[in-house]
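Subject: Handover of a structure and its findings

Dear colleague,

Please find the structure below, followed by an account of what was found in it.

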Amino acid sequence: MFPMIKHKFNAKPCEADGKKFPSKLERSYYNQLKMRQAAGEVLFFLRQTPFDIPGGKYLADFTVFLASGDVEFVEVKGMDTPTSKLKRKAVEELFPVTIKIVTR
């Protein structure tokens with residue numbers, strides 16, 4: 001399954017539908033997206049969408065394509081660190097997107 005390495009924020013790795021998630025919170029959001037998709041609100045969604053930023057890459061946890069035609073970029077965070085805030089700001093300055101934050 002997963003190596004027994006303690007996460008710095010005590011996140012518990014888990015699975016759903018054969019997919020691995022770094023936390024229960026991210027898995028929970030994935031399950032919500034599947035329910036919204038079944039209801040017709042979400043057309044489809046992608047996981048771990050990469051953005052090239054100076055110094056590396058930023059991975060948005062989810063890119064959600066809504067039935068309304070809108071697209072959401074979503075970051076699921078148990079704890080929002082200064083580093084993650086800086087990376088999101090870099091993405092939002094380089095690309096015409098806004099990253100939505102989902103917390104507990």
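Phe 45 is a buried residue, its relative accessible area being 16%; buried means under 20% relative accessible area, exposed means over 50%, and partly exposed lies in between (1.4 Å probe, protein chains only). This residue belongs to strand β3. Helices (H or I, at least four residues) and strands (E, at least two) are DSSP runs, numbered from the N terminus. Not counting residues up to four places away in sequence, Phe 45 touches Tyr 30, Leu 33, Lys 34, Gln 37, Phe 62, Thr 63 and Val 64, where contact means heavy atoms within 4.5 Å. Between the C-alpha atoms of Phe 45 and Leu 33, which are twelve residues apart along the chain, the separation is 7.7 Å.

Some conventions apply throughout. This is a predicted model, in which local features need pLDDT of at least 70 and side-chain atom pairs count only at pLDDT 80 or more, while totals for chains, interfaces and linings use all residues. Residues are numbered from 1 along each chain as its sequence is written, and side-chain values use heavy atoms, with hydrogens and water left out.

Overall architecture

The chain contains two helices and six strands, and from the N terminus on its elements follow the order β-β-α-β-β-β-α-β. Of its 104 residues, 33% count as buried. The accessible surface of the chain is about 6,800 Å², and 58% of that belongs to carbon and sulfur atoms; these areas come from the Shrake-Rupley method with a 1.4 Å probe, and for residues only the protein chains shown count as cover. Among contacts in the chain with a separation of 6 or more, 38% come from residues 24 or more positions apart.

The sheet and its helices

An open sheet is formed by four strands in the order β3-β4-β5-β6, with mixed pairing; two strands pair if DSSP finds at least two bridges between them. Strands β3 (42-53) and β6 (99-102) are at the edges and have a single partner strand each, so one side of each is left without a neighbour in the sheet. From one strand to the next, the twist averages 35°. Strands β4 (residues 56-66) and β5 (residues 71-76) run antiparallel and are joined by four bridges; Phe 62 has Val 74 in β5 as its bridge partner.

Helix α1 packs on this sheet and touches β3, β4, β5 and β6, its direction making about 140° with that of β3. Helix α2 (residues 82-94) lies across β3, β4, β5 and β6 and runs at about 100° to β3. For these values, axes are lines fitted to C-alpha atoms, for helices over the stretch in contact, and angles run from 0 to 180 degrees between N-to-C directions.

Glu 26, Asp 61 and Gln 48

Glu 26 is located in helix α1 (residues 24-38) and is buried at a relative accessible area of 4%. Beyond its neighbours within four places in sequence, Glu 26 contacts Phe 21, Arg 47, Gln 48, Asp 61, Phe 62 and Val 76. The C-alpha atoms of Glu 26 and Arg 104 lie 9.8 Å apart, although 78 residues separate the two along the chain.

Asp 61, in strand β4, is buried yet has no salt bridge, and the nearest side chain of opposite charge, Lys 77, is 6.0 Å away. A salt bridge is a side-chain nitrogen of Lys or Arg within 4 Å of a carboxyl oxygen of Asp or Glu; Lys and Arg count as positive and Asp and Glu as negative, while His and the chain ends are not counted.

Gln 48 sits in strand β3 and is partly exposed, at 30% relative accessibility. This residue has a positive phi of about 55° although it is not a glycine. Most residues other than glycine have a negative phi.

Salt bridges

Five salt bridges are found in the whole structure. One of them joins the side chains of Glu 41 and Arg 36 (3.0 Å, N to O); Glu 41 is partly exposed at 43%, whereas Arg 36 is buried at 18%. Another links Lys 57 to Asp 52, with the closest N and O atoms 2.5 Å apart, and Lys 57 is exposed at 51% relative accessibility. Glu 75 and Lys 77 also meet through their side chains (3.5 Å, N to O); Glu 75 is buried at 5% and Lys 77 is buried at 18%.

Yours sincerely
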